[in-house]
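Here is a protein to look at. Take a moment with the sequence and the 3D view before reading on.

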Amino acid sequence: SKSLGSVTAGTISIGYKRTGKSIDPNFTTPFEGRGGLGMMSGQHGGTKDGGGRSTNTVEYVSPSISGAKVNAHYNLAEAAANNIGAGLTYSGGPAKAFVQYMGAAEDKTFTKFGGAFSMSGATVGVQYEMYADATTGGDVNDYGHMFLNVAYAMGASSVNVSYGSKSGESAVTDVSAWAAVVQHKASKKATIYAGFGSQTVGDLDAESMYGAGMK
């Protein structure tokens, strides 16, 4: 309903995942932020209870009010601690912004905020995630996860560079990574891409990856 919003039940790409996808032009490629390079948290992926594509879930999304929408979801699976989530998104002209929260009865919480701005073919997208886990022996294990993407479009072709980093306490290993990708929209449903990426985990040497394909 345009006046009341929408309710969806089943397997749903929740607001936490959707907002991450909205600022990553490499989503569904090997160079995506949520993938092997680890530029976003794992909460942006996984088809499961409490995952980015959450099963057994009911979600409400409000109608747009001056470009702003509220989203909220509830996971019905008791085994997954009945995950809950809520957020606010805004889209107007060249700018969009969001804040999202996910939590579970096991004292795991995820909070992030970010957005994007476009002008003259260039788009800058950024988000920062904060994670807290109080399930390990009563100690709180915190980390921060930052993602940045800068893209420039030239007709049907574009180039973008991503950077991400994760740092935290106790058992969390620091990670930093980047990727550079060229894309060309060959048709309405097919985009060709080629890219290169590199990841550094803790004190280990950087590992590189490269590839090309179609999405």
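What follows is a short tour, from the whole chain down to single residues.

## Ground rules

You're looking at a predicted model, where local features need pLDDT of at least 70 and side-chain atom pairs count only at pLDDT 80 or more, while totals for chains, interfaces and linings use all residues. Residues are numbered from 1 along each chain as its sequence is written, and side-chain values use heavy atoms, with hydrogens and water left out.

## The overall build

The protein has 1 helix and 13 strands. Reading from the N terminus, the order is β-α-β-β-β-β-β-β-β-β-β-β-β-β.

Along its principal axes, the C-alpha trace spans about 50 × 45 × 25 Å. The radius of gyration (taken over C-alpha atoms) is compared with a globule rule of 2.2 Å times the number of residues to the power 0.38. For 215 residues, a compact globule would come out near 17 Å, and the protein's 18 Å agrees with that.

## Surface, contacts and charges

Of the 215 residues, 39% are buried. Buried means under 20% relative accessible area, exposed means over 50%, and partly exposed is in between (1.4 Å probe, protein chains only). The protein exposes about 11,100 Å², with carbon and sulfur atoms supplying 59% of it; such areas come from the Shrake-Rupley method with a 1.4 Å probe, and for residues only the protein chains shown count as cover.

Now for who touches whom, where a contact means heavy atoms within 4.5 Å. Among contacts with a separation of 6 or more, 41% link residues 24 or more positions apart.

## Inside the cores

A nonpolar core is a set of buried Ala, Val, Leu, Ile, Met, Phe, Trp, Tyr and Cys residues joined through side-chain atoms within 4.5 Å. Which residues make up the largest one? There are 12: I23, F31, L37, M39, M40, F98, A116, F147, A177, A179, V181 and Y193. Strand β11 (residues 175–185) gives the largest share, 3 residues. Apart from this core lies another of 6 residues, including Y16, M102, Y131 and Y143.

Not counting residues up to four places away in sequence, F31 touches N26, L37, M39, A179, V181, Y193, G195, F196, G197, M209, Y210 and G211.

N56 isn't a glycine, yet its phi is positive, about 50 degrees. N56 lies in strand β3 (residues 53–61) and is partly exposed, with a relative accessible area of 43%.

S120 isn't a glycine either, and its phi is near 55 degrees. You'll find S120 in the loop between β7 (108–119) and β8 (122–136). Is S120 buried or exposed? At 69% relative accessibility, S120 counts as exposed.

## A strand residue and a loop residue

S158 sits in strand β10 (residues 157–168). Leaving aside neighbours within four places in sequence, S158 contacts Y152, A153, V181, V182 and Q183. Its C-alpha atom is 17 Å from that of W178, 20 residues away along the chain.

A186 belongs to the loop between β11 and β12 (191–201), and is partly exposed at 45% relative accessible area. Beyond four places in sequence, A186 touches T191 and I192.

Key:
Helix = DSSP H or I, 4+ residues; strand = E, 2+ residues; numbered from the N terminus.
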